[in-house]
Amino acid sequence: MDFGLTDEQDQLAEAERAWLNRNDPVARVRATLDSEAITIDRAAVAHAAESGLLALLTPEIGGCHVDLAVVAEAHGAAASSLPIADLAVAAWVLDSVGMPHAEAAAAGDTLVGLTFGPTVAADGDALHLVGASSPVPMARGMDAVAVAGRVGGREYLTVLTAPTWSGMSTFDLTRSWARVNLDAAIDDWTELPPGTLAMLCDALAVHRAFDALGAAARLLDMTVSYAGQREQFGTPIGSFQAVKHHCADMTLAVEASRATLWAAALALDTSSGTARSRAASAGVAYAKSAAARVAGTALQVHGGIGFTWEHDLHLLLRRIKVDEAFDGTVAEHRAALITA
């Protein structure tokens with residue numbers, strides 16, 4: 001496969017990184033870390049809406065998943081609390097079936113999360129939802145949540161405007177997570193075209209992995225910089241062969257992950273069915289595993305300072321571990337490749 005980012009995609013990534021650098025999400029996390037849970041940055045919402053990022057996948061903007069991928073990676077590197085990919089995918093699926101919240105979601109007037117519900121039974125025209133949904137990032141900052149799932153041999157989508165959340169305790173200090181408590185009879189729901197549910201699962205999995213990739217790439221930069229500054233026996237530790245090998249392994253992991261995930265994002269735009277899902281699982285399984293290795297190696301090279309609460313390394317490491325667990329673990333995506 002001969003693939004590279006376009007000039008426009010490079011410019012989009014650079015513009016998003018520049019905005020995030022000016023509005024440092026980590027500084028915002030640090031300001032409230034000991035006193036309250038992190039919230040969605042309303043300035044980030046306004047920026048995303050004005051830039052058309054929330055509506056990126058809709059026909060009006062005409063963007064693609066590769067466009068969204070470079071943005072998701074930038075937000076992962078910055079440890080942003082704004083779940084940009086989740087919001088954009090939710091806006092797309094709402095728009096694709098013409099649901100009432102589509103326009104407000106794309107404009108950022110209503111933040112709509114996306115989650116997956118259980119397979120349910122229909123009683124006449126009503127869905128009976130019972131149980132809990134899949135995890136939703138920054139759920140308590142959402143105005144509504146779109147729930148997708150299966151009913152019989154069909155696929156459904158409904159929007160809950162006053163969901164009851166069940167909070168989750170995770171390693172992640174840069175985002176909060178929660179599940180929707182599903183215990184209701186829903187009359188207002190839409191049948192999705194066949195295969196939409198699998199597409200949504202693949203998309204969220206790929207963009208979750210891009211988030212982990214962004215955090216890993218930042219850890220690589222931090223580690224190389226630290227190795228050039230930290231001295232032992234009067235010599236920068238970056239001159240030691242063992243440390244050089246660590247940094248080289250981290251670089252290989254990051255660049256190979258980026259290549260596999262670009263292929264997965266391209267498959268979201270150009271392939272369907274099994275071919276798309278295989279590309280997604282292959283990229284996600286590799287990238288999540290590689291990001292976790294990069295985080296562990298970064299911690300080793302930093303040594304004692306990497307274990308301190310004051311260093312940003314642990315924030316990115318924690319984020320990577322949670323990304324690794326949600327929207328399909330490494331083991332689950334490898335298993336999907338075997339059975340596909």
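Q: What length does helix H9 reach from its first C-alpha to its last?
A: H9 covers residues 273-302, which is 30 residues; helices here are DSSP runs of H or I of at least four residues, numbered from the N terminus. The model is predicted, with local features needing pLDDT of at least 70, side-chain atom pairs counting only at pLDDT 80 or more, and totals for chains, interfaces and linings using all residues.

Q: Which residue follows H9?
A: Residues are numbered from 1 along each chain as its sequence is written, and side-chain values use heavy atoms, without hydrogens and water. The residue after H9 has a positive phi, near 65°. That residue is Gly303.

Q: Are H8 and H9 roughly parallel or roughly antiparallel?
A: Helix H8 (residues 241-270) packs on H9 with axes 8 Å apart, at an angle of about 160°; axes are lines fitted to C-alpha atoms over the stretch in contact, and angles run from 0 to 180 degrees between N-to-C directions. Angles under 35 degrees count as roughly parallel, over 145 as roughly antiparallel, 65 to 115 as roughly perpendicular and the rest as oblique. H8 and H9 are therefore roughly antiparallel.

Q: At what angle do H7 and H10 pack?
A: Helix H7 spans residues 196-229 and helix H10 residues 313-325, and their axes lie 9 Å apart. The two helices are therefore roughly antiparallel. Their packing angle is about 155°.

Notes. The expected span of a helix is 1.5 Å times one less than its number of residues.
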